[in-house]
Amino acid sequence: MFDSHEIEAVKQLLTNPRKVVLASHKNPDGDTIGAALAMMHYLRQKGHEVIPLVPNDYPAYYRWLPGAEDFIVFDRDVKKLRAALADAEVLFCLDFNSLDRTGNMAPDLEKFSGKKVVIDHHLEPSDEFDHYFSVTDVSSAGELVYEFIVAMDDADRIDKNIALALYTCIMTDTGSFSYNCNHPRTYHIVADLIERGVDAALVHKLVYDTFTENRLRLLGYALSNRLLVWKDLHTAVIYLTKEDLKRYDYQVGDTEGLVNYGLSMQDINLAVLLTEKDNQIRMSFRSKGDFSVNRLARDFFAGGGHKNASGGTSRIGMQNTLDKLKEVLQYFKDELDYTLTL
Ligand code: 5GP
Ligand code: MN
């Protein structure tokens, strides 16, 4: 799984109690939050001083995770965050492959003078790190944190708090075991996490069955008023303007999972969600089968991600972005024309 030299190097690095900071990516999801919290609990058990950092707030439906209140949020508390970074000797980066994925926090991480370790499952990690635990054919970064703890000969330290955090990573990054979920190893790990105290049904409810009324109504509005189906391109697009989001009192996390509704249609192989935030358009791409949304996001919308799930941004306004998307997809018309079969 991992290079034994890298494990040895990190063992050396952590021989004495260290001041450690953990970084999650911008617009944090369950994987980056869970991976950081699992590492936090693990490293604290080992006697290190650990502070988790995040560029902006995580959704309210992750607040129940043990230790979630320990995150320092760059957007809210930049002074405290810089003090933690200045003091730290080791930085672990979780669930991202390049420091620019941490948005406004990136310049501070780039200046960090200690060792940088990356634990991540995205393609093509950048050369900014000192130690790499980068594997792409796994469910999530959380799965790699599990493997990391095992490789450190510390499997016994995986307690209920760590197990809850890691289960959340795997559940959210596989869409509740509906994609990135075909590696038998993932299920062995999940079985172990359940043996260590995770209530899988409860975690699912805490994350997915805690919508506000506004969030549910925004979902209904998006599906009935803001869904475009481009049949000839096998593509479904949902777009939400600033005004739409305001109308339903948008809270961080409210559009999470929305893009998947587009993909739930027969003959649709690509789903796109466009949301207007901070004067730019945030884009989420999902695909079924072979069509690579990583390439689409990377080559045309300043983003990236995985083959079947990626994200990007656009700064040309909603209508122009929709026009550009349709134009770009003309080039992929044939590639998008397939039917999944057994
Ligand atoms: P989401 O659509 O859920 O925001 O992101 C889907 C996947 O694409 C995630 O794995 C995420 O890490 C990746 N991703 C999202 N936005 C970006 C981006 O702007 N740049 C890159 N490189 N990856 C992104
Ligand atoms: Mn992830």
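**Questions on a predicted model**

Modeller: Ser-176 counts as partly exposed because its relative accessibility is 27%; buried means under 20% relative accessible area, exposed over 50%, and partly exposed in between (1.4 Å probe, protein chains only). The model is predicted, so local features need pLDDT of at least 70 and side-chain atom pairs pLDDT 80 or more, while totals for chains, interfaces and linings use all residues; side-chain values use heavy atoms, without hydrogens and water. Residues are numbered from 1 along each chain as its sequence is written, with chains lettered from A and ligands numbered from 1 in the order in which they are written.

Biologist: Is Ala-302 buried or exposed?

Modeller: Ala-302 belongs to the loop between α12 (293-300) and β11. Its phi is positive, about 50°, although Ala-302 is not a glycine. With a relative accessibility of 66%, Ala-302 therefore counts as exposed.

Biologist: Which strands stand at the edges of the open sheet, each with a single partner strand?

Modeller: The sheet has six strands in the order β7-β8-β9-β10-β12-β11, with mixed pairing; two strands pair if DSSP finds at least two bridges between them. Each edge strand has one side without a neighbour in the sheet because it has a single partner, and these strands are β7 (227-230) and β11 (304-305).

Biologist: Which residue of β10 is the bridge partner of Leu-273?

Modeller: Strands β9 (residues 270-277) and β10 (residues 280-287) run antiparallel and are joined by eight bridges. Within β10, the partner of Leu-273 is Ser-284.

Biologist: Which residue in the hairpin of β7 and β8 takes a positive phi?

Modeller: β7 and β8 pair in the antiparallel sense over four bridges, and Leu-227 stands opposite Ile-238 in β8. Four residues lie between the strands, and the residue with a positive phi near 55° is His-234.

Biologist: Which residues are the protein donors of the manganese ion (ligand 2)?

Modeller: Donors are N, O and S atoms within 2.8 Å of the metal (3.2 Å for Na, K and Ca); water is not among the atoms, so sites may look incomplete. Along the chain, the donors follow the spacing D-x63-D-x25-H-x51-D. They lie 2.1 to 2.3 Å from the ion and are Asp-31 (OD), Asp-95 (OD), His-121 (NE2) and Asp-173 (OD).

Biologist: How many residues apart are Asp-95 and His-121?

Modeller: Both Asp-95 and His-121 are buried. Asp-95 is in the loop between β4 (90-94) and α4 (106-110), and His-121 in the loop between β5 (115-120) and β6 (131-134). The pair links distant parts of the chain, with a separation of 26 residues.

Biologist: How many Å separate an oxygen atom of ligand 1 from an N or O atom in the side chain of Ser-284?

Modeller: The residues surrounding ligand 1 include His-122, Arg-282 and Ser-284. A polar side-chain atom of His-122 lies 3.0 Å from an oxygen atom of the ligand, and for the side chain of Arg-282 the value is 3.0 Å. For Ser-284 the distance is 2.5 Å.

Biologist: How many of the 11 residues of helix α5 are buried?

Modeller: Among the buried residues of α5 are Ala-141, Leu-144, Tyr-146 and Phe-148. Helix α5 (residues 141-151) is mostly covered, and the number of buried residues is nine.

Key. Helices (H or I, at least four residues) and strands (E, at least two) are DSSP runs, numbered from the N terminus. A residue is near a molecule or strand if one of its heavy atoms lies within 4 Å of it. A polar contact is a pair of N or O atoms within 3.5 Å; within protein, one must be able to donate a hydrogen and the other to accept it, and residues adjacent in sequence count only if both atoms are side-chain atoms.
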